[in-house]
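This report looks at one helix and at some charged side-chain pairs. The sequence and structure come first.

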Amino acid sequence: MKALVLIGGFGTRLRPVTHELPKQLIPIAGKPMLYHVLDLLPREVDEAVFATGYKAEVIDAYVRAHPPLHLTVTTVSESEPLGTGGGMRNAGDGIGDPFILLNSDVISDADIGGLLAFHRSKGAFGTLLLHEVDDTRPYGVAALNGEDRIERFVEKPEPADAPSHWINAGVAVWSEQVLQAIPQGRPVSFEREVVPGTLPKGVFGFRSTGYWEDAGTPERLLRAQRLLFDDGRGGPGTLPPGSQGLGPVAFGTGVDARGAEFGPYVTLGDRVVVERGAHVENSVLMDGAVVGSGASVEGCLVGPNARLAADGRFVGAVMAATPRT
Ligand code: GDD
Ligand code: MG
């Protein structure tokens, strides 16, 4: 079985870091968010088709250097962004029936094996994993009947129009035939333009009760990181040699943090330097970032090779080596 993974989009809400790399490669709890998504695939899925666009070549190079375990990866990239539906249509040739559809920016403990079993038991055309949230505005919202069949689906509704609090969690199973319902040759939003029209064919909702977060904004990305660490998915969580404070801290090779202090929930990429007396917590520092001595960093996303001044106080910031807005 194959999984189709949507990896386009500009990651605008994570700029300026996403000027340098696609959001899917931002490491949280020790590895790129994309790889945490792929970790959820059950063993019966042996191939992932990546529908890429923005910075496709960066994704390709990373995947070549770090091939995911148990998965063959092929990529099909778009020269112009085609939207979620357009990306599916463009990359979906020969995807097989059924296939798994994954957004690449969603961190969860989704039980995809259970989702597949449910999909088969319903004889469904499609099945969406659903997660319950208070504020449905940034998401697609589904209304279910007593048999868990989706009767209405509204993408990013105003609160008054939201038919429930159960949202599309960005993990689904679809019949291959859904691709034929996607118009060709132009950008298409799968959620707005295609999903509502498929409901008469039998689309179901599988309610998930585990953890879930869309890591597409700085605050939610750091929350996703905490969820992963708390679930033990951030590695051993020991502190870098010569540092003190509280883990978990996930760190790459060549890190120098002697004399630094950590609070919980930190990822340090390769060759990160945290100088003496600096304090870092609830943050992601990407490859080659440098935190000057005595600086304090909390709730920050720091791009590759960015340098944070000694004794500076950085709270809730997204920073890159070459700041652009
Ligand atoms: N190939 C391709 N082309 N992929 C794209 C494109 C594109 O033009 N635009 C977005 N994507 C990818 C993103 O990388 C992401 O993995 C996924 O499609 C969803 O796009 P987002 O931009 O993150 O959408 P969203 O978060 O506003 O809404 C989606 O996710 C919610 C859950 O997080 C929708 O699927 C909602 O219905 C859902 O509730
Ligand atoms: Mg998203």
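Which exposed residues does the face of H3 turned away from its buried side carry? They are Glu 57, Arg 64 and Ala 65. The model is a predicted one.

Helix H3 spans residues 56–65, and its buried residues are Ala 56, Ile 59 and Val 63. These lie on the same side of H3 because they cover an arc of only 60° around the axis. An α-helix has 3.6 residues a turn, so residues three or four places apart point the same way.

## Salt bridges

Side chains of opposite charge can pair when their charged atoms come close. The structure holds 11 salt bridges. One of them joins Glu 44 to Arg 120, with the closest N and O atoms 3.4 Å apart. This pair links distant parts of the chain, 76 residues apart: Glu 44 is in the loop between H2 and E4, and Arg 120 is in helix H5 (residues 112–122). Glu 44 has a relative accessible area of 39% and is partly exposed; Arg 120, at 45%, is also partly exposed.

In another salt bridge, the closest N and O atoms of Lys 156 and Glu 155 are 2.7 Å apart. Lys 156 is partly exposed at 41% relative accessible area, whereas Glu 155 counts as buried at 13%. Glu 193 and Arg 186 also form a salt bridge, at 3.0 Å from N to O. Glu 193 is partly exposed, with 41% relative accessibility, and Arg 186 is partly exposed at 36%.

How values were computed:
Residues numbered from 1 in each chain as written. Chains lettered and ligands numbered in written order. Predicted model: local features only at pLDDT ≥ 70, side-chain atom pairs only at ≥ 80, totals over all residues. Heavy atoms only, no water. Buried < 20%, exposed > 50% of the residue type's maximum accessible area, 1.4 Å probe, protein only. Helix = DSSP H or I, 4+ residues; strand = E, 2+ residues; numbered from the N terminus. Arc of directions from axis to C-beta. Salt bridge = Lys/Arg side-chain N within 4 Å of Asp/Glu carboxyl O.
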